[in-house]
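Have the viewer open while you read.

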Amino acid sequence: MTEMAINWWLSVASSESVKRSKYMGFSVDVVKGAWERAGGRCECTKKHDHTDRCYRKLVWENRGREGRGKWEANSVSGLHKDSVSDCQILCWSCHISGF
Ligand SMILES: [Zn+2]
Ligand SMILES: [Zn+2]
């Protein structure tokens, strides 16, 4: 993630309308917290096509979109709880393989 992307995201995330709205099930704060915990890398530990943790490098702006570093926030419980512990950062290939 570039410095510019972080600044862009922070400016968007700090606007009141975004703070109030839900963002793909999770609040922005939850997704941001999970993203920071993940270090901007896939957190998948299911060994479907990789061993240990996937660790694929992701690009913040490409959440749910086409492009390099495409990813999605996965709800561990499936309920999109308002908690960082329920939010798992997954690269697209992990996201679409069995979650
Ligand atoms: Zn992955
Ligand atoms: Zn995976």
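In this predicted model, helix H3 (residues 28–38) buries Val30, Val31, Ala34, Trp35 and Ala38. "Buried" here takes 20 or more other C-beta atoms within 10 Å of a residue's own, with C-beta atoms placed from the backbone (12 or fewer is exposed, in between is partly exposed). Looking down the axis of H3, these buried residues fall within an arc of 130 degrees, so they line one face of the helix; the arc is taken from the directions from the helix axis to the C-beta atoms.

**Around H3**
- Strand S1 (71–75) and strand S2 (87–91) are among what covers the buried residues of H3.
- Just after H3 comes Gly39, with a positive phi of about 70 degrees.

**The core**
- The largest nonpolar core has 18 residues, a core being buried Ala, Val, Leu, Ile, Met, Phe, Trp, Tyr and Cys residues joined through C-beta atoms within 7 Å.
- H3, S1, S2 and helix H4 (92–95) each supply at least two residues of this core, and H3 gives the most, with five.
- Residues with the most contacts inside the core include Val31, Trp71 and Ile89.

**The whole chain**
- The elements run α-α-α-β-β-α from the N terminus; helices (H or I, at least four residues) and strands (E, at least two) are DSSP runs, numbered from the N terminus.
- Of the 99 residues in the protein chain, 23% are buried.

**Ground rules**
- Residues are numbered from 1 along each chain as its sequence is written, while chains are lettered from A and ligands numbered from 1 in the order in which they are written.
- As the model is predicted, local features need pLDDT of at least 70 and side-chain atom pairs count only at pLDDT 80 or more, while totals for chains, interfaces and linings use all residues.

Conventions:
Two residues are in contact if their C-beta atoms, placed from the backbone, lie within 7 Å.
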